Amino acid sequence: EESDNWKIISIESLAEPKGIGYGVLKPGPQVPHGIPMLRVVDIKAGQVQRSSIYRISEELDHEFRRTKLEGGEVVLSIQGTVGRVAIVPRDLAGANISRTLAMIRLQDPALAPWIHRALESPHVQQAIRQATGGTTRDSLNLRDLRRLELTIAPEPERSAILTLIDKAEALQRSCTAHFTTAKQAVERLRKSTLAAAGPSNGSAKS
């Protein structure tokens, strides 16, 4: 049956018509209380970070209304640091993106978590590097982005795989936190031991 098959599908076929695009070319000066505009620097560790979101004028946002976000889109960095990926949170509906990011608005929004993970995968990241010419270029054009092919698992395999990935990452974060705590404890113990040993060493020499 078709539902039992894994498929290889281009991003263009997964996106809505005219659902792939890059954003504001020249943001101009920041506008206090203006429209949020996501940039490459706002995409970190697979998520949108809000600490330093740039804001643009309503006029500029209207000029680039084709990339006005609804929430749930996948965004991919296509200039500078190419290959960063995130899903736009729903509460950022109404924001826009800069020229450094590409928006992918999917025909099936439920596929966004899978597309996110697929774009982060080593195989696809390597394909992106090849499309940008490795270190010779720092830009991925939309034509090459549309042609990128992703492997799409059927349900329920897709959900099961995503759950396993989430659990593995949670375990990794937990292990990292425990390792950091243990390392700090060892460092404190080392310092306290040296401090305790100091006076006795000094008195022994006297």
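Asp 61 is buried, with a relative accessible area of 7%; here buried means under 20% relative accessible area, exposed means over 50%, and partly exposed lies in between (1.4 Å probe, protein chains only). Its partner is Lys 68, and the two side chains meet in a salt bridge at 2.5 Å, N to O. A salt bridge is counted when a side-chain nitrogen of Lys or Arg is within 4 Å of a carboxyl oxygen of Asp or Glu. Lys 68, at 29% relative accessibility, counts as partly exposed.

Before going further, a word on the model. It is a predicted one, where local features need pLDDT of at least 70 and side-chain atom pairs count only at pLDDT 80 or more, while totals for chains, interfaces and linings use all residues. Residues are numbered from 1 along each chain as its sequence is written, and side-chain values use heavy atoms, with hydrogens and water left out.

Now let's look at another pair. Asp 42 and Arg 39 meet in a salt bridge through their side chains, at 3.7 Å, N to O. Asp 42 is buried, with a relative accessible area of 0%, whereas Arg 39 is partly exposed at 22%.

What about Glu 73 and Arg 105? Their side chains form a salt bridge at 2.9 Å, N to O. Glu 73 lies in the loop between α2 (58-63) and β7 (74-77), and Arg 105 lies in strand β10 (residues 101-106), so the pair ties together parts that are 32 residues apart in sequence. Helices (H or I, at least four residues) and strands (E, at least two) are DSSP runs, numbered from the N terminus. Both partners are buried: Glu 73 has a relative accessible area of 2%, and Arg 105 has 11%. Glu 70 joins them in a network of salt bridges. Altogether, the count comes to eight salt bridges.

Next, follow the nonpolar residues. A nonpolar core is a set of buried Ala, Val, Leu, Ile, Met, Phe, Trp, Tyr and Cys residues joined through side-chain atoms within 4.5 Å. The largest one has 28 residues, and those with the most contacts inside it are Ile 115, Leu 119, Leu 145 and Leu 150. Among the elements that each supply at least two residues of this core are β2 (15-22), β7, β10 and α4 (122-131). Helix α3 gives the most, with five residues.

Take Leu 145 as a guide: leaving aside residues up to four places away in sequence, Leu 145 touches Ile 11, Ile 20, Leu 76, Ala 102, Ile 104 and Leu 140. Contact means heavy atoms within 4.5 Å. Apart from this core lies another, of 14 residues, including Val 40, Ile 43, Leu 69 and Val 75.
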